[in-house]
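Please keep the structure open while reading.

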Amino acid sequence: MNDGTEDRAEGAERVPGKVWRATLWLVLGRGVSGTAALVALALLARRLDATEFGLLTFYFALFAFLESFVDAGTSTAVVQRGALDARSLAGAIRSGRRIRLVAASVACVLVVASARIANESDFLWIALTALVPLTRSLELSSTVFHANMNWGVPVIVRSGGALLRLLCVVVLWSAGVTSFGPYLFAHVACGGLGNVVLWLASRARVGAHHGPLVPLLRTALPLAVASVAQYAYFYADNLVIRDRVGEAELGLYNGAVRILSLLIMVAGFASNVSLPWLTRRSDAGDLARAVRTLSIPMVAFGIAIAAALFPFAGDLLRLLFGERFLGATSSLRWLLVAAVIVCAGSGLLTAVIASGRTAAFLVIVVAGLVLNVIGNLLLVPDLGIEGAAVATVATEFFVAVASFGVLAGVRSRA
């Protein structure tokens, strides 16, 4: 396990090679999984009617949100502990598993109850899918790879899961399935299988040490609230769009969001991977220079990609999902602006965590959630899905500026 020697030797003027190597692994993996997901969505957009496709993307977003809910802040808390004290990592993982198991059980009950109250057409498939997040408790063992910035095994496992998802979609598509439930279960269950495989691959590295639950819970709880809030403002627009303009428009919007998720993956992965390094740089007193070194290439990349795609937003949507998705062209253009802001802000927000300003991180993302919900409620009724994209731009801009402000305050007090 990495003790940080390499990172301390390199300092903050250069991003450690391990960060970029791990990011490359993640980008390659996301290339595989993202391509598989796009092919699957392209098939489904042509198989399912507008309402069924909208419901499918709604529940895709819900279960993506539940990934964060069930994590309950444990991933970040465990990595923070392991970054500075490798001996405490195994105990933190075992404590974190118990936290995740409770959170997954709560999530299961809430999803099943909500689907029953809403009288969803594919209730039984939704209820069965709601059991899958329980496997996230096992998956926490793979944090040993994250703490060491060694992402080869997790990427291979997740890429295999993405290809299996595509295979399941092709089988169901060929069988003539036209309701969203079976596709939803196949999608989430393949991720659950990946959780089990990661547990098997990493359990020998974890060891038998048991750590105290309360200290980890104290660290994880504010991170959990913040993480749920952060993911919630990606999910809030789905709720508002479904309620105000319907499932068909929601499907168009989520096609554009899928493209956004691919565009910001480099920034998201680099920020995620760099947390152990940024934590050590904060401990050494040169966090500001480290985050600047990390962020500059990400911003340049984001601007280049967004500028290249902006004139062809409609053509891209039509090529990937079909003619009816031209209705999301203006939304995608706003989301391209959001992608540039995410590239600028993701490293800043991760640095807030690395600096130990957990309370500030919590305030930023909760305020971002409130801003996003208000923006969607005000804009979606008049502007439709374009209003949701505008709200996303405003939210990401606020998060980036607020994160910069917190870090500037940290530096001024140093």
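The model is predicted, so local features are taken at pLDDT of at least 70 and side-chain atom pairs only at pLDDT 80 or more, while totals for chains, interfaces and linings use all residues. Residues are numbered from 1 along each chain as its sequence is written, and side-chain values use heavy atoms, with hydrogens and water left out.

**Second largest cavity**

- A cavity is a set of points, on a 1 Å grid over the protein atoms alone, where a 1.4 Å probe fits but cannot get out, and its lining residues have an atom within 4 Å of a point.
- Grid points are joined across faces, edges and corners, and a volume is the space filled by probe spheres set on the points.
- The count is 2 cavities of 30 Å³ or more, and the second largest cavity holds about 40 Å³.
- Its lining consists of Leu 263, Phe 301, Gly 302, Ile 305, Ala 306, Ala 339 and Cys 343.

**H15 against H17**

- The axes of H15 and H17 come within 8 Å and cross at roughly 165 degrees; axes are lines fitted to C-alpha atoms over the stretch in contact, and angles run from 0 to 180 degrees between N-to-C directions.
- H15 is therefore roughly antiparallel to H17 (angles over 145 degrees).
- The crossing is right-handed, that is, the near helix is turned clockwise from the far one by less than a right angle.
- Contact (heavy atoms within 4.5 Å) involves residues including Met 298, Gly 302 and Ala 306 of H15 and Leu 336, Val 340 and Cys 343 of H17.
- The residues of this contact divide into 15 nonpolar, 4 polar and no charged.

**H12 against H17**

- Helix H12 (residues 247–263) packs on H17 at an angle of about 25 degrees, with the axes 9 Å apart.
- H12 and H17 are therefore roughly parallel (angles under 35 degrees), and their crossing is right-handed.
- Among the contacting residues are Leu 260 and Leu 263 in H12 and Leu 335 and Ala 339 in H17.
- This contact comprises 10 nonpolar residues, 1 polar and no charged.

**Largest pocket**

- A pocket is an open set of points with protein on both sides within 12 Å along at least five of seven lines, and the largest one has a volume of about 240 Å³.
- Of its 15 lining residues, Leu 62, Leu 110, Val 111, Ser 114 and Tyr 235 lie nearest its centre.
- H3 (50–71), H5 (89–117) and H11 (213–244) each supply at least two lining residues, with the largest share, 6 residues, from H3.
- The lining of the largest pocket has 12 nonpolar, 1 polar and 2 charged residues.

Technical notes: Helices (H or I, at least four residues) and strands (E, at least two) are DSSP runs, numbered from the N terminus. Angles under 35 degrees count as roughly parallel, over 145 as roughly antiparallel, 65 to 115 as roughly perpendicular and the rest as oblique. Ala, Val, Leu, Ile, Met, Phe, Trp, Tyr, Cys and Pro count as nonpolar, Asp, Glu, Lys and Arg as charged, and the others, Gly among them, as polar.
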